[in-house]
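Please look over the sequence and the model shown here before reading on. The paragraphs below are meant to be followed with the coordinates open.

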Amino acid sequence: MTTEKVKDAKGHTLTLINFRGHYLPTFPLESLQRMDTFAFRDDDILISAYPKSGTHWVWEMTRMLLEGKTDLPLVEKDDFMIEFDITDIASKPSPRILTTHVLYHQLPALRSAKCKVIYITRNPRDVGVSFYNHHVKLTEFYGYSGAWEDYFPLFLDGKVDYGSWFDYTRDWETVMKGSDGPLSTPFITLAYEDLKENPVPEASRLSRFLGQNHQEGFIRAVCEACDFAKMKQRKGAFDVTDGGSPIMYRKGEVGDWQNWFTPEQVARMEEVYQSKMAGSSFVCRYTLEKEND
């Protein structure tokens, strides 16, 4: 494992760890090594998503659906993050709601695990913008101070922590299609855009996947409790900038990329998308119809 200063075209650097050929945040080495032998329990629930795709949101929804109530104590999602295991996840009581941003193939024990997996997708344009703001806000962690135009090529080339969005999406898609062999883990896929547009039906689908039989009234209460503004108010203080603004909760919108991308950047990302995602069945939604009415 080596620490690298990844440079953009203007010389601004992003501090990352190169762990076995994969860029990751500067997490403790022992935590990263534990990914090899992580002991999944049969009643675990693993939420997997590329960064900035709604993990915090779905994690809170999952907690409420399992507990059957919305007034839960504040708990930090990162305390259950496999590659950031600094709080001894093994000691957490069941059922554990685990999270990760790594590739499926970086968790070898998942191949034979029987836990449930919730996989979240989000369009790469909004992910890129959100990830950029994440990196510049966490200055003491990443040391990055470049502008969006400098950062965009890094994101497009996968020279960020957790690597390429395209590689990540293809890796998990291959697994869920069964192209990599039979799986013992039940999966559900949630799209960020679908959750924003139709939160109650999507939360109901998640509830059934978790083996719960909640009435629509409670599902609505969960969706309201997990509304972005309420989540930001309730949990935003866990990670803040020096100025006190939340790092993990910025806008939570679909289509914010339109405030950042130039026409040339849209064309360039589409070119890379068509190349990297050729043959994929993944469908991106870059805006919501009701937002354009």
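The model is a predicted one, in which local features need pLDDT of at least 70 and side-chain atom pairs count only at pLDDT 80 or more, while totals for chains, interfaces and linings use all residues. Residues are numbered from 1 along each chain as its sequence is written, and side-chain values use heavy atoms, with hydrogens and water left out.

Begin with helix H8, which covers residues 199–209; helices (H or I, at least four residues) and strands (E, at least two) are DSSP runs, numbered from the N terminus. Its buried residues are Val-200, Glu-202, Ala-203, Ser-204, Leu-206, Ser-207 and Phe-209, where buried means under 20% relative accessible area, exposed means over 50%, and partly exposed lies in between, for a 1.4 Å probe and protein chains only. These buried residues of H8 pack against helix H2 (55–67), strand E6 (116–121), strand E7 (187–191), helix H7 (192–197) and helix H9 (216–225). Within helix H8, Glu-202 has a relative accessible area of 13% and is therefore buried. Leaving aside neighbours within four places in sequence, Glu-202 is in contact (heavy atoms within 4.5 Å) with Leu-190, Asp-194 and Leu-195. Just after H8, Gly-211 takes a positive phi of about 80°.

Turn next to a pair of helices. Two packed helices are described by the angle between their axes and the distance between the axes. Helix H3 (residues 124–137) and helix H5 (residues 148–156) pack at an angle of about 120°, and their axes are 10 Å apart; the axes are lines fitted to C-alpha atoms, for helices over the stretch in contact, and angles run from 0 to 180 degrees between N-to-C directions. That angle makes H3 oblique to H5, since angles under 35 degrees count as roughly parallel, over 145 as roughly antiparallel, 65 to 115 as roughly perpendicular and the rest as oblique. On the H3 side, Pro-124, Val-127, Gly-128, Val-129, Phe-131, Tyr-132 and His-135 meet Trp-148, Tyr-151 and Phe-155 of H5.

A search of the whole structure finds 15 salt bridges. One of them joins the side chains of Glu-149 and Lys-10, at 3.3 Å from N to O; because Glu-149 lies in helix H5 and Lys-10 in the loop between strand E1 (2–7) and strand E2 (13–19), the pair ties together parts that are 139 residues apart in sequence. Glu-149 is exposed, with a relative accessible area of 52%, and Lys-10 counts as exposed at 53%. Lys-10 also forms a salt bridge with Asp-150, the closest N and O atoms being 3.2 Å apart, and this pair links Lys-10 with a residue of helix H5 that is 140 residues apart in the chain. Asp-150, at 7% relative accessibility, counts as buried.

A further salt bridge is formed by Asp-44 and Arg-96, with the closest N and O atoms 2.6 Å apart, and both residues are buried.

Notes:
A salt bridge is a side-chain nitrogen of Lys or Arg within 4 Å of a carboxyl oxygen of Asp or Glu.
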